[in-house]
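Here's a quick briefing to read alongside the coordinates. Have the viewer open and follow the topics in order.

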Amino acid sequence: MPRVVTDGVDRNVYSPRFSRDGKTLFMVLEDAGYTHLSRAAIDGGALTRVTEGYDINGYDMAGDTIVVLESRASYPQEISRVTSSGLARVTRVNDRWLDEVMIAPVTRFRSKSSDGAEIDGFLTMPPDQPNGQKLPTLLRIHGGPVSQYGESFSFEWQLFAANGYAVVAANPRGSSGRGGAFSREIFADWGNKDYLDVMGAVDHAIAMGVADPDRLGVGGWSYGGILTNYVITKTTRFKGAISGASEVNYLANYGHDHYLLEWEAELGLPWETTDRWIKLSPFFQVANVKTPTLVMCGQEDWNVPLINSEQLYQALRRLGVPTELVIYPGEGHGISRPSFQVDRYERYLAWYDKYVRGNVND
């Protein structure tokens with residue numbers, strides 16, 4: 001008979017594996033910006049955490065020995081062994097590099113949205129920035145949307161901070177890590193509550209005296225790009241935006257991407273619920289956009305097809321909004337070729353430096 005081992009656990013779990021004796025099931029558990037290695041007894045009992053305070057990106061077992069691929073905001077992934085007193089580091093492949101660089105500090109915060117919702121976020125500060133100076137600040141939005149920012153080392157946050165930016169990264173409604181109801185808050189209502197949440201996170205950074213309200217940028221990839229599209233159609237507060245691998249005209253996706261059942265379950269059939277499809281598509285509010293926007297996508301992205309980026313770019317050009325379209329040949333939803341990864345980061349910095357920081361001659 002099937003038995004639900006995680007009954008009552010309102011969090012995402014994945015990568016299940018049995019212990020050697022078959023009496024325990026190990027798994028990775030998402031919770032409030034962390035990922036823990038956890039376990040549950042097959043014959044019942046509460047789910048317990050094996051690790052705390054780290055992001056666990058993978059694990060393996062041999063006999064009674066458990067090793068994890070773990071990370072924190074202050075260092076990239078390393079392998080550690082689980083002991084009775086905590087984690088014991090096995091590898092130190094990043095130590096030499098860490099000795100040569102300044103790591104930007106990352107702190108957690110909670111912010112309140114205009115409708116009263118409270119969300120979790122992360123603030124990354126330049127490592128050598130004097131206190132009290134207002135900084136050009138970037139709102140970076142994660143994909144998913146059922147995903148979360150966590151404690152893992154983020155090269156992207158570190159790159160922006162090394163170039164003088166504060167980075168605000170929030171887990172708005174729709175994210176994972178806070179339970180099913182929290183993830184479902186934006187069901188068939190994208191770009192509304194999650195928009196309020198990411199804007200509340202930015203306002204929190206401004207109230208802290210960190211973010212310069214006159215030098216704000218926004219951007220993200222996948223759903224991060226989609227929510228960016230909502231942001232720039234709803235506000236002109238941001239001086240520069242980057243929309244990566246995003247969707248903008250949902251009608252164009254039906255039958256073109258692989259989300260057919262998902263589209264129908266959430267929005268209905270487009271010829272029956274046309275008004276809903278149009279209302280939710282940022283494309284039909286694109287005339288509101290004043291923010292210079294860099295549009296990027298992989299040529300062979302069948303997850304979020306290129307047609308979305310092409311239509312967004314064409315509309316912005318037609319409206320006279322500063323924009324560029326960058327298409328990476330042979331790439332899918334993620335950019336895997338190292339030279340293209342470098343190119344993408346260089347374009348990120350160039351766009352933000354020009355429009356957020358105001359280096360117009362760059």
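What covers the buried residues of H8? The cover includes H5, strand E14 (240-244), strand E15 (293-298) and strand E16 (323-328), where helices (H or I, at least four residues) and strands (E, at least two) are DSSP runs numbered from the N terminus. Before going on, note that this is a predicted model, in which local features need pLDDT of at least 70, side-chain atom pairs count only at pLDDT 80 or more, and totals for chains, interfaces and linings use all residues. Residues are numbered from 1 along each chain as its sequence is written, and side-chain values use heavy atoms, with hydrogens and water left out.

**Helix H8**

- H8 covers residues 306-319, which makes 14 residues. From first C-alpha to last it reaches 20 Å, close to the 20 Å expected at 1.5 Å a residue; the expected span is 1.5 Å times one less than the number of residues.
- The buried residues of H8 are Leu306, Asn308, Ser309, Leu312, Tyr313, Ala315 and Leu316. Here buried means under 20% relative accessible area, exposed means over 50%, and partly exposed is in between (1.4 Å probe, protein chains only).
- As background, an α-helix has 3.6 residues a turn, so residues three or four places apart point the same way.
- Just after H8 comes Gly320, with a positive phi of about 80 degrees.

- H4 (residues 193-207) has 15 residues and reaches 21 Å between its first and last C-alpha, close to the 21 Å expected at 1.5 Å a residue.
- Buried in H4 are Asp194, Tyr195, Asp197, Val198, Met199, Gly200, Ala201, Val202 and Ala205.
- The cover over those buried H4 residues includes E9, E10, strand E11 (135-141), strand E12 (166-171), strand E13 (211-221) and helix H5 (223-234). Contact, here and below, means heavy atoms within 4.5 Å.
- H4 and H5 pack at an angle of about 80 degrees, with their axes 10 Å apart. The axes are lines fitted to C-alpha atoms, for helices over the stretch in contact, and angles run from 0 to 180 degrees between N-to-C directions.
- The two helices, H4 and H5, are therefore roughly perpendicular to each other; angles of 65 to 115 degrees get that label, while under 35 is roughly parallel, over 145 roughly antiparallel and the rest oblique.
- On the H4 side, the contact uses Asp194, Tyr195 and Val198; on the H5 side, Tyr223, Leu227, Val231 and Lys234.
- By class, the contact of H4 with H5 has 5 nonpolar, no polar and 2 charged residues. For that tally, Ala, Val, Leu, Ile, Met, Phe, Trp, Tyr, Cys and Pro count as nonpolar, Asp, Glu, Lys and Arg as charged, and the others, Gly among them, as polar.
- H4 is followed by Gly209, with a positive phi near 85 degrees.

**Salt bridges**

- Searching the whole structure turns up 19 salt bridges, each being a side-chain nitrogen of Lys or Arg within 4 Å of a carboxyl oxygen of Asp or Glu.
- Asp120 pairs with Arg110, their closest N and O atoms being 2.9 Å apart. Asp120 sits in strand E10 (residues 118-124) and Arg110 in strand E9 (residues 106-112), so the pair ties together parts that are 10 residues apart in sequence.
- Asp120 is buried at 10% relative accessible area, whereas Arg110 is partly exposed at 43%.
- Asp212 and Arg215 meet at 2.8 Å, N to O. Asp212 is buried at 13%, and Arg215 is partly exposed at 24%.
- Arg92 and Asp95 bridge at 3.5 Å between their closest N and O atoms. Arg92 is exposed at 53%, and Asp95 is partly exposed at 24%.
- Arg11, Asp31, Arg49 and Glu52 are linked in a network of salt bridges.

- For context, most residues other than glycine have a negative phi, and most peptide bonds are trans.
- The peptide bond from Gly144 to Pro145 is cis, with omega near 5 degrees. Pro145 is in the loop between E11 and helix H2 (155-162).
- Ser15 is not a glycine, yet has a positive phi of about 55 degrees. Ser15 lies in strand E1 (residues 13-18) and is partly exposed at 38%.
- Ala245 also has a positive phi, near 45 degrees. Ala245 is in the loop between E14 and helix H6 (260-267), and is buried at 0% relative accessibility.
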